[in-house]
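Visitor: I have a model open on my screen. Can you walk me through it?
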Amino acid sequence: MRQQKRIAIIGAGPSGMAALRAFAAAELQGDTNPEIICYEKQDDWGGQWNFSWRTGTDHYGEPVHSSMYRNLWSNGPKEALEFAEYTFDDHFGRPISSYPPREVLWDYINGRAMQSGVKARVRFAHAVRWVDYSEEAAQFTVTVDNLRTKETVRETFDEVIVATGHFAFPNVPNFTGIETFPGEVIHAHEFRGAERLKDKRVLLIGGSYSAEDIGVQAHKMGAQQVTMSYRSQPQGFAWPEGMQEVPEIVGFDGQTATFVDGQVREFDTVILCTGYLHHYPFLSRELHIESPNNLYPEGLYRGVVWQNNPGLCYLGAQDQWFTFNMFDAQAWYVRDLILGRAELPSAEARAEHARAWLERFEAAQTVAQQVQFQADYIRDLIDATDYPSFDLDEVVRIFLAWKADKQANILTYRDCTYPSVITGTMAVRHHTDWLDEFDDSIERYLETPKPQVTQ
Ligand code: FAD
Ligand code: NA7
């Protein structure tokens, strides 16, 4: 009989890396860890932050995971996602701006994970195909394809952590007549940069983060006209000239789209910013989340433990105001359950706890209440672990300031700065205004601009 527990982590994005870091931290405290294997289908870690120029399928023929694009700068202040036990000061050794570009945030996540020496636990280019659970053996069998050698292996585990994210499988609804549209129609998942939208009349369908950010990217890169069509409610920012919100689409007729308020417009390009699906093709329906993208998916105790089979946990399954530090709080809690540092309550107690939090979630209607809900949710996890606590209410205030800054000017909010709630360090303004910055490389970001020589 096997003595040591075996744990599978599926995915090495920020959530899977948080799990690896959590176990490494326990080891430093003298705990004996189970055997941990993390399967990652890409060649490197970082999840969404691991940019790919490819769309559709990758060089292994696998669905491309990342939905990120060139010139993607953090869409929320970095002070709201900072790791409580590996700060931006720790990593960069000097203050940086509040909205760094993708590569800089990848560097930060990578720096922490490298410091824990956990890379050897990740089997890169390994795609998990299926997870079976045997009641009799109380074990999971994970079927994995090694994409390089083309071997298929089956390994058994006592517990499985799903950290595969939920912004990789696009939601692609149909729109009447869209098949007659002669221009390009893509989903935000396939968007890689707005340069080619210059001089174009662009229609973005959707009223959330992707529509907003791809919209301002298109505007920044010189699109002739950016129209965003919302279904439920407008985003309501003070859009610059050339950007406009319209209500839902009735249908397309060739290049022409008609909207429910009677407006008729012509477009060159359509980008569906219609969100993503919770899709886990390696899980049967008994283990699979069925939820819209919200702050408290049903079926998860404390937002992480699968109620019907607590040997299976999810990280990062919620919609996200908070990101990296929330994944940490979740990972620390799941680790503690696995190590026996925390006790799993009975099924009834778990269901009762989840019901109470679901009610709180449903009562949170305004943005302020929803951010506070997620802060309270994280606090509940941190209180149950030894993850360093930090001032979550201050982070809520930063989020509200961020909202107000966006409201004031959607094109300049990324030039604003906030203090770290962990170190107190005040962010500095990036050397170039976001609207004028067309180079999102880490080299350019960290460069100190040479003083202007005046003659
Ligand atoms: P992911 O980052 O999605 O990582 C999941 C990992 O699982 C991937 O590496 C993937 O290859 C792997 N995987 C998937 N399936 C399998 C399989 N079957 N077998 C093996 N491996 C598998 N957050 C912010 O904080 N700030 C931002 O500015 C921001 N911008 C965003 C912009 C876009 C366009 C998107 C889509 C998301 C953005 N996010 C942002 C949210 C982002 O999702 C999180 O920051 C974070 O990446 C989530 O981490 P994760 O590990 O849960 O999932
Ligand atoms: P979100 O935040 O899940 O939003 C999806 C949007 O798509 C939302 O506005 C939806 O409208 C809209 N939607 C969905 N289906 C339709 C149809 N059929 N017609 C019109 N509009 C539709 O996804 P995002 O991609 O914006 O953001 C996801 C992550 O990527 C986020 O974390 C960011 O950081 C980046 P609704 O409001 O439901 O009416």
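Visitor: How do the residues of the shell around ligand 2 divide into nonpolar, polar and charged?

Guide: Six are nonpolar, 11 polar and one charged. Ala, Val, Leu, Ile, Met, Phe, Trp, Tyr, Cys and Pro count as nonpolar, Asp, Glu, Lys and Arg as charged, and the others, Gly among them, as polar. A word on the source: this is a predicted model, where local features need pLDDT of at least 70, side-chain atom pairs count only at pLDDT 80 or more, and totals for chains, interfaces and linings use all residues. Residues are numbered from 1 along each chain as its sequence is written, while chains are lettered from A and ligands numbered from 1 in the order in which they are written.

Visitor: Which residues come nearest to ligand 2?

Guide: Gly206, Ser208, Ser210, Ser232 and Gly275, out of 18 around ligand 2. A residue is near a molecule or strand if its C-beta atom, placed from the backbone, lies within 6 Å of it.

Visitor: Now ligand 1. How many residues surround ligand 1, and which are the closest?

Guide: The count is 32. Gly11, Gly13, Gly47, Gly165 and Gly316 are the closest. Helices (H or I, at least four residues) and strands (E, at least two) are DSSP runs, numbered from the N terminus.

Visitor: Which element gives the most to it?

Guide: Helix 1, with three residues. By class, the shell around ligand 1 has 13 nonpolar, 17 polar and two charged residues.

Visitor: Helix 1 again. What does the chain do on either side of it?

Guide: Start with the strands. Strand 1 (residues 6-10) pairs with strand 2 in the parallel sense over five bridges. Pairing here requires at least two bridges found by DSSP between two strands. Ile7 has Ile36 in strand 2 as its bridge partner. From strand 1 the chain crosses through helix 1 to strand 2, a right-handed β-α-β crossover. Right-handed means that, with the strands pointing away from the viewer, the path from the first strand over the helix to the second runs clockwise.

Visitor: What else pairs with strand 2?

Guide: Strand 3 (residues 122-123) does, parallel, over two bridges. There, Tyr39 stands opposite Arg123.

Visitor: How is strand 10 joined to strand 9 and strand 11?

Guide: Five parallel bridges join strand 9 (residues 201-205) to strand 10. One pair is Arg201 and Gln225. Strand 10 and strand 11 (residues 243-246) pair over four bridges, also in the parallel sense. Met228 has Glu245 as its partner there. Strand 9, helix 4 (residues 209-220) and strand 10 make a right-handed β-α-β unit.

Visitor: How many residues of strand 10 are buried?

Guide: Four of its five. A residue is buried if 20 or more other C-beta atoms lie within 10 Å of its own, exposed if 12 or fewer, and partly exposed in between, with C-beta atoms placed from the backbone.

Visitor: What about the antiparallel sheet? Which strands form it?

Guide: Three strands, in the order 12-13-14, form that open sheet. The edges are strand 12 (249-253) and strand 14 (264-266). The twist averages 25° from one strand to the next. Four bridges join strand 12 to strand 13 (residues 256-259), and Ile249 stands opposite Phe259.

Visitor: Last one, backbone angles. What is phi of Asn71, and is the residue buried or exposed?

Guide: Phi of Asn71 is near 65°, a positive value in a residue other than glycine. Asn71 is buried, with 20 other C-beta atoms within 10 Å. Its place is in the loop between strand 2 (35-39) and helix 2 (88-92).

Visitor: And Asp199: buried or exposed?

Guide: Exposed, with 11 other C-beta atoms within 10 Å. Phi of Asp199 is near 65° too. Asp199 lies in the loop between strand 8 (184-187) and strand 9.

Notes
Axes are lines fitted to C-alpha atoms, for helices over the stretch in contact, and angles run from 0 to 180 degrees between N-to-C directions.
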